[in-house]
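Visitor: I would like to go through this model with you, one question at a time.

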Amino acid sequence: MIRYCTKCVMPETKPDIYFDEHGVCSACVHYERRAEVDWDTRRVELQQILDRYRSQARGNYDCIVPVSGGKDSTYQTIRMLQMGMNPLCVTATTDELSAIGRRNLENLERLGVDHIEVTTNPVVRRRLNRIGLTQVGDISWPEHVAIFTVPVRLAVQMRIPLIVWGENSQNEYGGPAAAADDNVLTRRWLEEFGGLLGMRVSDLVGQEGIEPHHLIQYTYPDDESLSEVGVTGLFLGYYLPWDGWSNALIAQAHGFETMPTPVEGSLVNYENLDNVQTGIHDYFKFLKFGFGRATDLACMQVRRGRITRSDAIDLVRRLDGRFPWTYLGYPIEGTLERIGMTVEEFITVCDRFTNKKLFELDRHGALVRDHWGNLTRVNDDNP
Ligand SMILES: [Zn+2]
């Protein structure tokens, strides 16, 4: 039996979650603590940090804002401009940029910022997607690496010490920029927050023809260069009350485009619009841990009192973990073809990473699939 949080609908299989004696998950407990946060004080703290780095700029940019073009990075950029910063927006191009993702990046530039987009070699990138998918069950592995390494590399090269990120999964942490000293984003920091699933960039050399020079943008700068520039970072989600939906409303008022219908496997039409491979990424989370993007979103809305827990159970049961035949309307056949894989091969990779304790099996121990290839979660009717 999978145990679920008694307040939201998160299963205990989520990595790094724990349940208290009342069966309430740590994410709900953290969210409730937000009611006690003095946001006015945090905003003053944020302004003080920004002032410190702005005064150091001397003709350079005040900070780097890593941007995907999504609702959160659009919101981050709006806030930085409102707070008097001159940001350099930096994009590490996603694994497979969608058309709507491209339009939202162009919209972000129209907010009135300089923008650098670093696009890594797409031939190598697709090999890395394939290696990530088949070896650690994460097609988005190179994207997760590049969104950390690319802005930090540019911070060193362009001598811009402050990087302004959005939310941090560990909500209680504002980032090292607030510390008076010893606040550099060292490699130790990357390993704590970057989450590389045990696969190191250096392990890739020699696989599928990958050579060291293919991996420059995936390589984190050395600690000496980071210290020399004093590269540091903060998470805006610690300083400003963070909510995806309200970020989306603000972003939309500034030209951000949403999908006409909710995204496949999701509850909403305003997030994860920039990478065609995200459907596969989210499906693997479902296979490994028994929950998908719909669960994440339903939990956030339940915590905020926007939907009831029983409605969340219903929405999750209907939407979570469907086989990702399309994403943002792009058929999976094309997405897989670009990484050199057929749907049949993909399904065998899926099986390898599926936690068979979480899904219904037939009497021979094989996964039960419906006509559309969908699995059934065990005790999915009793969260
Ligand atoms: Zn919970």
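Guide: A term comes before the questions: a residue is buried if its relative accessible area is under 20%, and exposed if that area is over 50%. Note also that this is a predicted model.

Visitor: Is Cys350 buried or exposed?

Guide: The cut-off for a buried residue is under 20%. Cys350 has 1% relative accessibility, so Cys350 counts as buried.

Visitor: Which residues coordinate the zinc ion?

Guide: The donors follow the spacing C-x2-C-x16-C-x2-C along the chain. Within this pattern, Cys8 and Cys25 are 17 residues apart, both in the segment before α1 (26-33). The zinc ion lies at 2.3 Å from the SG atoms of its ligands, which are Cys5, Cys8, Cys25 and Cys28.

Visitor: What is the arrangement of the 4 donor atoms around the zinc ion?

Guide: Four donors count as tetrahedral if all angles lie between 85 and 135 degrees. Here the angles are 104 to 116 degrees, so the arrangement is tetrahedral.

Visitor: How many disulfides does the count come to?

Guide: A disulfide is a covalent bond between the sulfur atoms of two cysteines. The rule asks for a pair of cysteine sulfur atoms within 2.5 Å. By this rule the number of disulfides is 0.

Visitor: Which residue in β3 is the bridge partner of Leu88?

Guide: Strands β2 (residues 87-92) and β3 (residues 114-118) run parallel and are joined by 5 bridges. Together with helix α4 (residues 99-109), these strands form a right-handed β-α-β unit. The β3 partner of Leu88 is Asp114.

Conventions: Residues numbered from 1 in each chain as written. Predicted model: local features only at pLDDT ≥ 70, side-chain atom pairs only at ≥ 80, totals over all residues. Heavy atoms only, no water. Donors = N, O, S within 2.8 Å, 3.2 Å for Na, K, Ca; no water. Tetrahedral: all angles 85-135°; square planar, octahedral: opposite > 155°, others 65-115°. Helix = DSSP H or I, 4+ residues; strand = E, 2+ residues; numbered from the N terminus. Pairing = 2+ DSSP bridges. Right-handed = clockwise from strand over helix to strand, strands pointing away. Buried < 20%, exposed > 50% of the residue type's maximum accessible area, 1.4 Å probe, protein only.
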